[in-house]
Amino acid sequence: MRKGLRKTVQQPRAWQRMLSGRRLDLLDPSPMDIEIEDIAHGLARVARWNGQTVGEHAFSVAQHSVVVEEICAHIQPDLEPKWRLAALLHDASEYVIGDMISPFKAALGVDYKTFEERLETAIHVRFGIPAKSPIHIKKLIKTADRACAFFEATQLAGFTAAEALEFFDAPPDGYLLHIEPQSAAVAQSRYIQRYNVLSQAAGFATSPAAAFETE
């Protein structure tokens with residue numbers, strides 16, 4: 001082959017440029033390349049249920065996450081702010097990988113789960129949460145997540161209450177929710193506002209009592 005005609009083989013690009021200017025390595029994510037503004041922006045534009053919901057706006061992962069944190073606090077009112085922050089961030093990895101419905105996640109198998117866990121760990125480290133949550137916290141967040149899904153399924157996604165109970169948990173006693181999907185701008189703003197309150201309460205600033213307020 002003549003000089004100058006040999007082509008070098010380039011590795012596929014494995015990073016994504018965020019609006020903050022950060023370049024996040026998708027295979028080896030660094031906590032230093034993760035910003036809450038990027039997370040909020042992305043999650044406010046990721047639709048739950050693949051967008052198959054009623055209403056003018058999609059029900060975003062950002063809005064869902066705020067509700068899940070609220071349900072966690074309803075179930076366990078004395079929950080520490082750092083674990084309430086973990087609840088708010090429980091789907092934060094989806095700002096990169098999107099919100100795949102559970103059946104598709106299962107079909108993809110362990111490699112997807114490993115990738116998701118690696119990104120979740122980097123997010124936790126970035127925001128001062130223990131890299132791995134205790135089992136009882138994981139169970140609490142999962143319970144709140146499934147309870148929120150029940151409301152979403154019956155109010156937005158066309159499920160009957162009986163159908164939703166087959167796949168999701170019933171809402172906790174005493175907790176009622178009427179969902180009104182927010183615009184991306186509103187969902188993004190409220191997600192950041194809640195993050196700011198909880199991160200302050202967890203020790204990054206003052207006013208811990210504010211963490212126990214809900215909308």
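The buried residues of helix H7 are Ile137, Leu140, Ile141, Ala144, Asp145, Ala147, Cys148, Ala149, Phe150, Phe151, Glu152 and Ala153, where buried denotes under 20% relative accessible area, exposed over 50% and partly exposed the range in between, with a 1.4 Å probe and protein chains only. The model is predicted, so that local features need pLDDT of at least 70 and side-chain atom pairs count only at pLDDT 80 or more, whereas totals for chains, interfaces and linings use all residues. Residues are numbered from 1 along each chain as its sequence is written, and side-chain values use heavy atoms, with hydrogens and water left out.

Helices (H or I, at least four residues) and strands (E, at least two) are DSSP runs numbered from the N terminus. The 21 residues of H7 should span 30 Å at 1.5 Å a residue, and the end C-alpha atoms are 30 Å apart, which agrees; the expected span is 1.5 Å times one less than the number of residues.

The buried residues of H7 pack against H2, helix H3 (81–88) and helix H8 (161–167), contact meaning heavy atoms within 4.5 Å. Helix H2 (residues 61–75) meets H7 (residues 135–155) at an angle of about 120 degrees, with the axes 8 Å apart. That makes H2 oblique to H7: angles under 35 degrees count as roughly parallel, over 145 as roughly antiparallel, 65 to 115 as roughly perpendicular and the rest as oblique. Axes are lines fitted to C-alpha atoms, for helices over the stretch in contact, and angles run from 0 to 180 degrees between N-to-C directions.

On the H2 side, the contact is made by His64, Val67, Val68, Ile71, Cys72 and Ile75; H7 contributes Leu140, Ile141, Thr143, Ala144, Asp145, Ala147, Cys148 and Glu152. These residues of the H2 and H7 contact comprise 10 nonpolar, 2 polar and 2 charged. Here Ala, Val, Leu, Ile, Met, Phe, Trp, Tyr, Cys and Pro count as nonpolar, Asp, Glu, Lys and Arg as charged, and the others, Gly among them, as polar.

A further helix pair involves H1 (residues 36–43) and H9 (residues 184–204), whose axes come within 8 Å and cross at roughly 145 degrees. Ile36, Glu37, Ile39, Ala40, His41 and Leu43 of H1 touch Gln188, Tyr191, Ile192 and Tyr195 of H9. The contact of H1 with H9 has 7 nonpolar, 2 polar and 1 charged residues.

The loop between H1 and H2 holds Trp49 and Asn50. Most residues other than glycine have a negative phi. Trp49, however, has a positive phi near 60 degrees, and Asn50 a positive phi of about 55 degrees. Trp49 counts as buried because its relative accessibility is 18%.
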